[in-house]
Amino acid sequence: MTPRPLTIIGGSLVLPTGAPRPGALRCTEGRIVALGDVAPEAGDEVLDAKGALVAPGLVDLGVFAIDKPAFHFGGITRAALMPDQGPPLDHPARVRFAAQSGKPDMWVHPLAAATRALEGRELAELALMREAGAKAVATGRRWIADSGVMHRLMSYCAMLGLVLVTHAEDAGLAGHAVATAGEMATRLGLPSAPAEAEALAVARDLALAELTGCRLHFRQVTTSAALELVRTAKARGVRVTAGVTPAHFMLSDLELAEFRTFCRLSPPLRSDADRLAVIAAVADGTIDVIASGHDPRGAEDKRLPFADAEPGMAGAETLLPLTLTLVRDGHIDLARAFALLAGNPASLLGVQAGRLEVGLEADLALVEPERPWIVDRSKMAATAGNTPFDRRPVEGRVTALFKGGNRIA
């Protein structure tokens, strides 16, 4: 349904550069048509933002479930769905179905499985899945160990103009580890792997990306050594980007005390030195995307011994407020925060959204950045409240959300 023209007044516009500035925004037929000193026209729906930020809707790059209530609460208008589904997104029909699954109040952008059944051996039909609606290709939760397969995959993605989203953890070294090797893992007696498992995977994939010209995106880079590899690769022109979730700049492996399975993540939580390295990488531009990694897990997956629990966290509802902590602490500004949360992931997916710019989709969020609330897993909108941030006070709340100019929350 074509929405009625909408003009939002009385807000502060979060533009791609600079500090938010007072202004209005007008959208018609689902797209932004004017910004700044704008007056409503006859027949417009007029919404007074009452001083709130007028920001782009978030683009969540790499979720494991479509969880609309959680996404709407968190200000997410677009979600890139990882191929780790049941069955995997390794066939055009499955990709096409996933691409339609968000309608009418959510954009779902499926990521095509890189290999059949995500087994890391035989390439899937990437070109057909691109035609079916896949916005990128992903290796899923696993690292592809066979360098020959990875080389062919990157060559194919480069030819098709598709970004490759990869998991960075050398499986031969990581094995069945559930924690990062160090004092905490030793004290708890948990199966662990050295942090270097990430750097080894990153180094191999960077070399192949440089060889093939593939656009490579590491979904999560969480260690200082791997971040330095990405930083130097960018400096020499490799087409690489990196992401992270809030858990890895907010938490360290000290959170594993008392075997808290809500802190069982993949990759696992790192040392505090690595956590600080992630913050520095967000600040200096090495990290391009902050995503929720949304993966709601029920009691049957989490109420288990730590080593047997499934990894993952429900992250959609806390993505924005936790990222805003980096703004309040002076590491980044608001423009950079929304580039990490919306503009950059939209660019990687090749969608015309993620920024307040004339001509782009009117996916919008009204945000009160200083509004306080307490994370409570028992009250979360997600299908499961497996958050490591339970009972944490945060600031930043979405008060209205629009998809293509239609209000959805």
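What share of the contacts in the protein between residues at least 6 apart in sequence join residues at least 24 apart? In this predicted model, the share is 70%. The secondary structure comprises 13 helices and 18 strands. The C-alpha trace extends over about 65 × 45 × 40 Å along its principal axes. Of the 409 residues, 58% are classed as buried. The accessible surface amounts to about 15,900 Å², with 51% belonging to carbon and sulfur atoms.

The charged side chains number 43 positive and 47 negative, and the centres of these two sets are 3 Å apart. Side chains of opposite charge can pair when their charged atoms come close. The structure contains 26 salt bridges.

One of these salt bridges joins arginine 231 to glutamate 228, with a distance of 2.7 Å between the closest N and O atoms. Both residues belong to helix α8 (residues 224-235), where they are separated by about one helical turn because they lie three residues apart. Arginine 231 is partly exposed at 26% relative accessibility, as is glutamate 228 at 38%. A further salt bridge links the side chains of arginine 116 and glutamate 122 (3.2 Å, N to O). Here arginine 116 has a relative accessible area of 34% and is partly exposed; glutamate 122, at 48%, is likewise partly exposed.

The salt bridge between arginine 297 and aspartate 295 has an N to O distance of 3.5 Å, and both residues are buried. Arg297 and Asp295 also belong to a network of salt bridges that includes Arg141 and Asp301.

Technical notes: Residues numbered from 1 in each chain as written. Predicted model: local features only at pLDDT ≥ 70, side-chain atom pairs only at ≥ 80, totals over all residues. Heavy atoms only, no water. Helix = DSSP H or I, 4+ residues; strand = E, 2+ residues; numbered from the N terminus. Buried < 20%, exposed > 50% of the residue type's maximum accessible area, 1.4 Å probe, protein only. Contact = heavy atoms within 4.5 Å. Areas by Shrake-Rupley, 256 points an atom, 1.4 Å probe, with all protein chains shown as cover. Lys, Arg positive; Asp, Glu negative; His and termini not counted. Charge placed at Lys NZ, Arg CZ, Asp CG, Glu CD. Salt bridge = Lys/Arg side-chain N within 4 Å of Asp/Glu carboxyl O.
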